[in-house]
Structure formats: structure tokens, C-alpha cells
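Please keep the sequence and the structure in view while working through the numbered points.

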Amino acid sequence: MNVKYDYKNRTYYIKEKIHNQTMIMQLEECDRSLDMTYYNVVLGVYNKRKHAQKNEDNAIVTGKYPFETVSKAVRAFNLLEQEVIKENKFYNRKIMIMISWVDNRRRDIYYKYLSKRGYKYEVVDGQKFICKIY
């Protein structure tokens, strides 16, 4: 698993095959101030790239291999988090990682895992996120 960076979209990402599906996890820079950079987490599982956006918009559950997906998603999240922290230490900036959700079931799953790592609910610009500041 390798962390890649998309300079055009200012996004760190990992793409990983899970049998005939592709899992992509991204930490996209959504805002920046003088002392803090804000990152949003995106997770998608799809069979074909052309279906990825439709699956996300309609909150369709597409993962056929849940245990493998969860284990790779956890590993990808750890790698992306470490990379973002390392990069922003170089610029001496704080970072806020924000996780949003599509439905309550996913929110509960995300919070159950992330709360053990120090993440908590925050309201940013009137929207509720699961966040942590480094």
C-alpha cells in the first residue's frame, strides 16, 4: 500500500484492489488558514470508476468483501494520517482531520473505531463531523 499525492486536487490517496473491486481512500485538503490545514476523508468501494460517484450520491453499499475492506480501510487510514501529519510538521501547521458520513449506520461504525483514537464530534460551519486536531 503506497500513499500517493495528487498535486492538482491537493489530495493524499491510496487505491487498493479487493478481488474484482477497488477501494479508494483519500484525505483531501478542503481548507487552509495561516496555522491550520483541514482535511476531509473520502472512502469509496466500486467495481467500475464510472459508478463510483453514483454509488456515493445514492449511499449504495457496494462492498462485497466486508472483512477485507475494513482491514484495508483501517490500514489505509493509518498510512494517510501518518503521511499528512508528517507533511504538516514540516510546515509547522496544525491539522484537523474531518470525517463525514452518508447514513447513520456508517456514522456509528466510523465513530466506534475513531473514538478510540481520540476523535470526537465537532460542528464545523454548521455541519457535524467526527474530528481530531493534531
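The points below treat the model's basis, its strands, its nonpolar cores, one glutamate and the cysteines.

1. The model is predicted: local features need pLDDT of at least 70, side-chain atom pairs count only at pLDDT 80 or more, and totals for chains, interfaces and linings use all residues. Residues are numbered from 1 along each chain as its sequence is written, and side-chain values use heavy atoms, with hydrogens and water left out.

2. Helices (H or I, at least four residues) and strands (E, at least two) are DSSP runs, numbered from the N terminus. Two strands pair if DSSP finds at least two bridges between them. Strands β3 and β4 run antiparallel and are joined by ten bridges. A hairpin of three residues links β3 to β4. Within this arrangement, Thr22 lies opposite Tyr46 of β4.

3. Strand β4 also pairs with β5, in the parallel sense, over five bridges. Here Tyr38 stands opposite Met96 in β5. On β5 there is a further pairing: four bridges join β5 to strand β7 (residues 127-133), and these two run antiparallel. Ile97 has Lys132 as its bridge partner in β7.

4. Are these strands enclosed or open? A residue is buried under 20% relative accessible area, exposed over 50%, and partly exposed in between (1.4 Å probe, protein chains only). Nine of the eleven residues of β4 are buried, so β4 is largely enclosed by the rest of the structure. Likewise, five of the six residues of β5 are buried, so β5 too is largely enclosed by the rest of the structure.

5. A nonpolar core is a set of buried Ala, Val, Leu, Ile, Met, Phe, Trp, Tyr and Cys residues joined through side-chain atoms within 4.5 Å. In soluble globular proteins, nonpolar side chains tend to be buried together. The largest nonpolar core here has 20 residues, and Met25, Leu27, Val41, Ile97, Ile99 and Tyr119 have the most contacts inside it. Two or more residues each are given to this core by β2 (11-18), β3, β4 (36-46), α2 (66-90) and β5 (94-99). The largest share, five residues, comes from α2. A second, separate core of seven residues includes Met36, Met96, Met98 and Val124.

6. Contact means heavy atoms within 4.5 Å. Leaving aside residues up to four places away in sequence, Ile97 touches several residues, among them Leu27, Val41, Glu81 and Tyr134.

7. Glu28 belongs to strand β3 (residues 21-32). Its relative accessible area is 26%, so Glu28 is partly exposed. Beyond residues up to four places away in sequence, Glu28 touches Arg10, Thr11, Tyr38, Tyr39, Asn40 and Val42. The C-alpha atoms of Glu28 and Asn9 are 7.5 Å apart, although the two residues are 19 residues apart along the chain.

8. How many disulfides (a pair of cysteine sulfur atoms within 2.5 Å) does the structure hold? There are zero disulfides. Cys30 is in no disulfide, and the nearest cysteine sulfur, that of Cys131, is 9.4 Å away. Cys30 counts as partly exposed at 42% relative accessibility, whereas Cys131 is buried, with a relative accessible area of 3%.

Definitions and conventions
A disulfide is a pair of cysteine sulfur atoms within 2.5 Å.
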